[in-house]
Amino acid sequence: MSPHNPTSRPAYDDFATPQEMRADCVQVGENMRLRKAARRAVEAPPSIHFDDYPREVRKRDVSIDEATARLADALHLHLD
């Protein structure tokens, strides 16, 4: 067999049994969380009504440091 002839050897040096390949596929499916995605696909969607989320969510404060302000001034941006 010539190592440079692709038709002289199989694509893989060692073939797995069908049981080993199935076990690999099952493991990949579990790792990819396909079962979780499948369950969520058939669940009811989350509510969009305010009454279902009665709490107020405080917005984060955004701070602008001196370097950012200088850069904004140089670009003629107004960060008020």
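**A charge pair in the last helix**

I began with two charged residues, E66 and R70, and both are exposed. The model is predicted, so I read every value here as one computed from predicted coordinates. I looked up where the two residues sit: E66 and R70 both belong to helix α3, which covers residues 66–74. They are four residues apart, or about one turn of the helix. In an α-helix there are 3.6 residues a turn, so residues three or four places apart point the same way. I then checked the contact, and E66 forms a salt bridge with R70, with 3.2 Å between the closest N and O atoms. I counted salt bridges by this rule and got one.

**Chain overview**

I listed the secondary structure next and found three helices and zero strands. Read from the N terminus, the order of elements is α-α-α. For burial, I noted that 2% of the 80 residues in the chain are buried. The accessible surface of the chain is about 8,600 Å², and carbon and sulfur atoms account for 57% of that area.

**Helix α1 and what comes after**

I checked the span of helix α1, residues 18–31. The helix has 14 residues and reaches 20 Å from first C-alpha to last, close to the 20 Å expected at 1.5 Å a residue. R33 follows α1, and I noted that its phi is positive, near 60 degrees.

**Positive patch**

Which residues gather with R33 in a patch of positive charge on the surface? I found K36, R39 and R40 there along with R33. I looked up K36 separately and placed K36 in helix α2. Is K36 exposed, partly exposed or buried? K36 has a relative accessibility of 38%, so K36 counts as partly exposed. That value also passes the cut-off for a patch member, which is over 30% relative accessible area.

**Nonpolar patch**

I also looked for nonpolar side chains on the surface and found a patch formed by V28, M32 and L34. Together these three residues have about 290 Å² of accessible area. Where is L34 placed? L34 lies in helix α2, residues 34–42. I recorded a relative accessible area of 47% for L34, so L34 is partly exposed.

**Entry to keep**

Helix α2 holds L34 from the nonpolar patch and K36 from the positive patch. The salt bridge that I noted, E66 with R70, lies in helix α3.

Notes:
Residues numbered from 1 in each chain as written. Predicted model: local features only at pLDDT ≥ 70, side-chain atom pairs only at ≥ 80, totals over all residues. Heavy atoms only, no water. Buried < 20%, exposed > 50% of the residue type's maximum accessible area, 1.4 Å probe, protein only. Areas by Shrake-Rupley, 256 points an atom, 1.4 Å probe, with all protein chains shown as cover. Patch = residues over 30% accessible without salt bridge, like charges linked within 9 Å, V, L, I, M, F, W, Y side chains within 5 Å. Salt bridge = Lys/Arg side-chain N within 4 Å of Asp/Glu carboxyl O. Expected span 1.5 Å × (residues − 1). Lys, Arg positive; Asp, Glu negative; His and termini not counted. Charge placed at Lys NZ, Arg CZ, Asp CG, Glu CD.
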